[in-house]
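Hi there,

Here is the structure I promised to pass on to you. Have a look at it first, and then read my notes below.

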Amino acid sequence: MELIFLPLILGIIAFFVPTKWVRPFGLLASISILAVSIVHLINFNTSDYVMLFNPAEIFPLGLTFKMGYDGLALVMVLLTNAVISIILLANWNREISSNARFTGLTFLMQFALIGLFTSLDGILFYTFWELALIPIFLILYWFGKQDNNRALFKFFLYTLLGSLMMLLSFIALGYFAPNYSYFQLVQANFVGKEVAAALIMGGILFAFAVKIPLFPFHTWQAPTYTNAPMAGTMLLSALMLKMALYGMIKWMIPIGFEGLVYLKWPVITLGGIGIVYGAIIAMKQKDLKTLFAYASISHLGLIAAGIMLFTVSAIEASMIQIINHSIVAVALFLCAGIIEDRLNTRNIDDLGGIAKVAPHFGFWFAVMTFISVSVPFTAGFIGEFVLIKELFTAHWVIGITAASTLVFGAVYMLRAYQGSMFGPSKVTVFADLKWNEYLVFALLTLAAIGFGLYPQIIIDFIKPSIQFTQELMSGDLTLTK
Amino acid sequence: MGKDLLLLTLISLPLIGAAINGILGKRMPKLIVGSLATMMVFVSFLIGLTLFTGLDKTTIVHLFQVAKFEDFTLDANFQLDSLSIWMTLIITGIGSLIHLFSMGYMSHDEGYHKFFTYLNLFIFSMLLLVLGSNYFVLFFGWEGVGICSYLLIGFHYNDAEKGLANSLAARKAFIMNRIGDAGLLFALFMMLNHFHTLEFVEIGKMVTASPELYTGIAGAITLCLFLAATGKSAQIPLFTWLPDAMAGPTPVSALIHAATMVTAGIYLTVRSNFLFELAPTTKDIILVIGIATTVVAAFIAMRQNDIKKVLAYSTVSQLGLMFVALGMGAYTVALFHVTTHAFFKALLFLGSGSVIHAMSDEQDIRKMGGLSKLTPITHITFLIGTLAIAGFPFLSGFFSKDEILAHAWMSSPIVYGILMIAVTMTAIYMFRLYFLVFHGSFRGGEKLKSHVHESGLSMTIPLMVLAVLSVFGGILNLPGIVFHDAGHWMSHFLESTTYGLNQIEPEHMDGNQSIILMCIASAVALSVMTWAYITYVKKQAVAKEDADMNAWEKLSSNKLYIDEIYQTIFVQPILWLSTTLASQFEQRVLNNGIFRLTSAIEASGNYTRKWQSGFLSSYLFWMVMGIIGFISYYIIKSTFWN
Amino acid sequence: MEQLNNIGASLDFYIFVSIALFSIGAIGVLTRKNMIVLLMCIELMLNAVNLLLVTFSTFFGNGEAQIFVFFIIVVAAAEATIGLSILIMAYRNSKSIDIEMFHKLNG
């Protein structure tokens with residue numbers, strides 16, 4: 001229980017901490033939350049299903065309020081806690097980290113995220129899904145650029161529409177299961193009602209597609225990222241998007257498998273289009289953040305397409321890739337943030353020659369660039385390898401489309417890197433990295449290389465939970481089919 | 001120490017060197033940094049020699065399992081057999097010489113420790129590439145060398161003049177390599193789907209056990225593998241990155257872009273020979289592309305004026321020649337040429353490095369001339385390299401080229417004819433280069449001349465060693481027809497890795513024919529040499545300026561406009577697409593689409609708002625109308641439908 | 001029985017009168033702008049309904065409806081009182097009892 005409510009309590013406290021103490025309080029609090037989750041990790045047996053809250057009775061409207069985690073959820077919880085610590089660390093030398101409201105909102109968001117990952121009740125899942133939106137909206141509203149109303153409006157409109165669809169779908173799901181408990185929902189029987197299942201899942205998928213974002217629903221992303229403060233972009237990209245991917249793996253596939261056969265190829269196609277589309281647009285973008293936003297569309301298109309294959313290998317690889325993307329997102333937006341901090345611009349045309357004046361930053365930015373183009377010895381390498389392999393096995397056209405990310409990714413990332421770091425020295429003064437930035441880069445690199453050399457550790461964790469879901473699903477339906 | 005441990009040490013030494021230099025190199029004196037890096041590679045070479053002498057059968061060393069997925073596993077395994085150990089010896093042997101050379105060449109560079117870090121990292125990746133026992137480890141190394149190549153080509157990104165060009169060249173190399181990598185990726189996927197393993201030995205066993213099962217898929221796999229090879233080994237259509245890659249420091253060009261990395265494509269093909277043997281179409285494609293590349297590159301090389309560009313196109317051309325051998329199924333012959341080419345091309349590049357070093361970083365051969373007296377050791381060694389590559393009798397290049405030509409003659413006289421043209425062009429551009437640089441009078445001005453000096457020992461020792469190897473390298477694989485039992489030592493050594501599908505001798509070749517072919521080749525080399533001597537030394541002809549050139553020369557000097565063509569066909573459309581999509585589709589269709597939707601909702605609200613006029617009488621009016629409507633509906637319904 | 005028949009024969013007249021009264025009231029409400037007239041017209045409609053109720057009550061021999069009518073008359077009186085007081089307040093605020101002056105609730 002403390003796993004879920006510690007962030008809530010600390011978040012509320014954070015609002016009342018005097019400005020002087022906010023920064024250390026935030027970092028210590030996030031580390032203590034991380035420590036709590038690590039204790040859970042140590043006591044965790046991969047084949048377990050740990051229930052945090054398990055009332056025996058069933059409340060009105062079929063609510064059950066069950067909460068608990070398996071390997072999959074625990075990995076996501078750990079990822080959330082680790083990334084929040086790293087985000088707070090990355091912002092240490094920035095003004096925003098001394099702001100009580102920001103720190104409090106971050107913890108509230110962490111609360112919502114952990115709640116989402118551990119909820120085992122459909123309506124609870126939806127509640128946390130909505131809850132997570134409020135802190136990030138306020139962060140964007142209070143700390144973003146002043147004239148970002150239009151972008152914020154778009155972001156809110158999109159996500160709200162998605163959430164509405166999701167709510168409708170969950171209500172409809174109530175007709176197919178005795179109550180909203182996860183375990184009941186996954187056993188929901190749609191035999192003979194595949195179209196209804198497809199419609200219900202389509203609603204849930206719409207919410208996910210907006211958040212991921214999949215190809216035609218992505219227009220909120222770039223302006224929101226561009227206008228958001230660095231920390232907000234990191235929270236959005238490294239954590240918020242993962243809610244949707246997690247939801248796809250944990251909720252959508254086991255529950256509505258019968259209906260998803262209709263949605264499988266459309267979503268994979270959209271993912272494939274997103275891979276190429278995001279990459280192509282990223283090639284000519286001038287604003288580093290916009291560029292990374294489109295790169296993100298490309299990366300996540302691949303993950304979403306992989307998940308929709310429903311093969312165990314693809315889902316395992318997706319998890320590796322989810323973790324890798326969190327690393328890359330924090331790293332790249334930190335790089336963009338560092339440049340913006342020092343120079344007040346992110347336009348590649350105004351940059352150039354930074355590596356000369358700030359060699360350490362040049363080095364670490366290069367390392368992050370390589371991590372993001374998935375070179376060997378990084379987690380992305382294995383993830384991309386297996387994902388593209390599974391897509392290629394499913395159909396060679398989507399395989400080739402997905403593999404284009406190999407080439408296009410190199411094109412836009414190297415353009416971004418070289419355009420800002422090499423070339424004519426337009427930048428003459430550039431303060432090199434601060435200690436916290438060194439630490440963040442080092443930690444991220446360590447994580448990327450660790451998971452790149454031994455991804456098995458992630459696979460071992462999530463495999464039993466995937467198999468468990470398989471058992472829960474009724475009889476002849478298996479994930480691999 | 002057991003073989004396993006020796007092998008792992010061999011691989012990890014360069015990595016350790018890279019780690020130490022990377023972390024501590026900045027605080028250590030240059031001498032220690034350089035010698036540490038060199039020693040690491042050299043010790044690897046010695047270990048390689050030990051393993052080489054004790055080699056008996058194929059050994060697989062299992063390190064750890066990277067990941068286990070549903071229907072396949074990814075293992076970090078290494079394989080010790082004649083092919084991998086042969087490549088290892090080339091890589092570490094030439095590698096340690098080039099490391100030694102770099103200690104002198106890079107001595108004035110501020111990024112000294114960085115350079116050796118990258119260089120060691122490259123050796124490590126290259127060792128992964130050749131020592132891996134499965135395609136996955138190979139792919140690891142394959143990508144790894146790509147990155148090191150990127151880092152090293154763009155090493156001088158800070159250079160005031162050429163910095164931008166250097167980094168652009170590096171990017172081009174990386175991206176073009178990535179296109180090839182995608183090919184390798186697909187080959188891997190197909191192998192995983194059909195063989196459920198990536199181990200060379202196991203796939204080899206499956207394929208040789210029942211070849212008829214796999215003929216179809218072998219065609220697709222080998223095509224993808226060959227795409228990968230064209231990327232890494234700079235063949236048509238992906239060869240344009242290699243000449244640009246000369247932007248890197250010269251030792252890099254010698255090590256990566258001449259001796260080792262670019263031969264990875266050939267290694268890959270030889271390694272997968274069991275698959276290529278099942279795919280005659282792919283082999284024909286390889287043959288055609290090899291011939292085309294060798295001729296085109298040799299043609300371009302004839303009118304290049306940058307000393308390194310000439311050598312770069314020469315490398316492309318020689319690689320093409322190796323692919324011709326592969327296309328004919330003469331795997332060991334290709335490897336023989338890889339070996340001798342590594343000797344003399346590394347020698348030539350290091351020689352050019354020595355020249356560039358002496359000329360204070362001037363690379364234009366129009367500004368050189370008469371260097372033979374100023375830099376005697378460089379001159380002699382460069383001459384040996386030139387003779388070797390031009391096919392001067394009894395030097396290493398002569399034997400290896402002759403093998404390829406003999407195979408070509410037996411397969412088709414047309415192929416032989418085309419190859420002879422390429423070989424002649426090779427001799428022409430090499431002697432042109434040699435005479436323009438080392439003979440005649442110095443054209444770079446007095447000021448520059450006073451600076452010209454012979455390089456130090458650390459640079460000349462590698463030159464001399466490589467010169468010796470270039471002269472005697474042919475001994476490794478003397479033609480069997482002439483030398484009988486003493487011949488083909490190397491081919492026999494490598495036989496075990498080619499799964500009995502390989503032909504060492506061209507079929508139906510008798511000794512006389514062989515000797516005649518050798519004589520023709522020698523005659524060509526000698527006559528071109530004489531011609532070049534007359535043209536460039538006696539007549540003092542200097543490389544022409546652009547304006548004086550005829551159409552052919554212009555074509556050669558402008559590299560057949562291939563870069564421009566690629567730019568128009570591929571790069572521009574994609575960039576255009578990017579701009580258009582961003583400004584048109586993204587903004588107009590998607591973005592405005594969403595706002596259209598919201599404004600439509602807003603407009604409908606605006607419209608219905610007007611109904612709410614606030615006038616009581618109008619509300620009442622509509623209310624009464626509604627009541628009347630309802631009543632009349634029910635009246636009409638009850639009157640007519642009952 | 002005779003009585004009933006007489007009423008039955010004249011039932012139509014009662015209904016017609018009632019409809020006429022109601023229509024006059026409704027048209028008055030729709031067309032007039034003076035609020036007093038409006039209130040009177042509403043009263044007229046109410047009485048039309050009352051008349052109908054009384055008629056049917058007699059016709060079916062059931063007195064309950066007539067009790068209802070008394071209630072309605074009382075309520076109508078109360079309503080008229082409130083209506084008139086609102087009217088007076090409106091007049092105090094705007095110096096007018098024209099219904100068209102009061103459309104602040106428009107959208």
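**Where the chains meet**

In this predicted model, 38 residues of chain A are in contact with 39 residues of chain B. Several helices of chain A each supply at least two residues to the side that touches chain B, among them helix 6 (149–173), helix 11 (257–283), helix 13 (312–343) and helix 19 (456–472). Which helix of chain A gives the most to that side? Helix 17 of chain A does, with 8 residues; this helix covers 396–421. Sorted by class, the side of chain A that touches chain B has 25 nonpolar residues, 8 polar ones and 5 charged ones.

Chain B also meets chain C: 11 residues from chain B and 10 residues from chain C take part in the contact. On chain B's side, helix 27 (residues 616–640) gives the most, with 5 residues. The side of chain B that touches chain C is made up of 5 nonpolar, 4 polar and 2 charged residues.

**One residue to look up**

Is Tyr277(A) buried or exposed? Tyr277(A) counts as buried because 23 other C-beta atoms lie within 10 Å, and the cut-off for buried is 20 or more. Setting aside neighbours within four places in sequence, Tyr277(A) is in contact with Phe215(A) and with Leu581(B).

Methods: Residues numbered from 1 in each chain as written. Chains lettered and ligands numbered in written order. Predicted model: local features only at pLDDT ≥ 70, side-chain atom pairs only at ≥ 80, totals over all residues. Contact = placed C-beta atoms within 7 Å. Helix = DSSP H or I, 4+ residues; strand = E, 2+ residues; numbered from the N terminus. Nonpolar A, V, L, I, M, F, W, Y, C, P; charged D, E, K, R; others polar. Buried ≥ 20, exposed ≤ 12 C-beta atoms within 10 Å, placed from the backbone.
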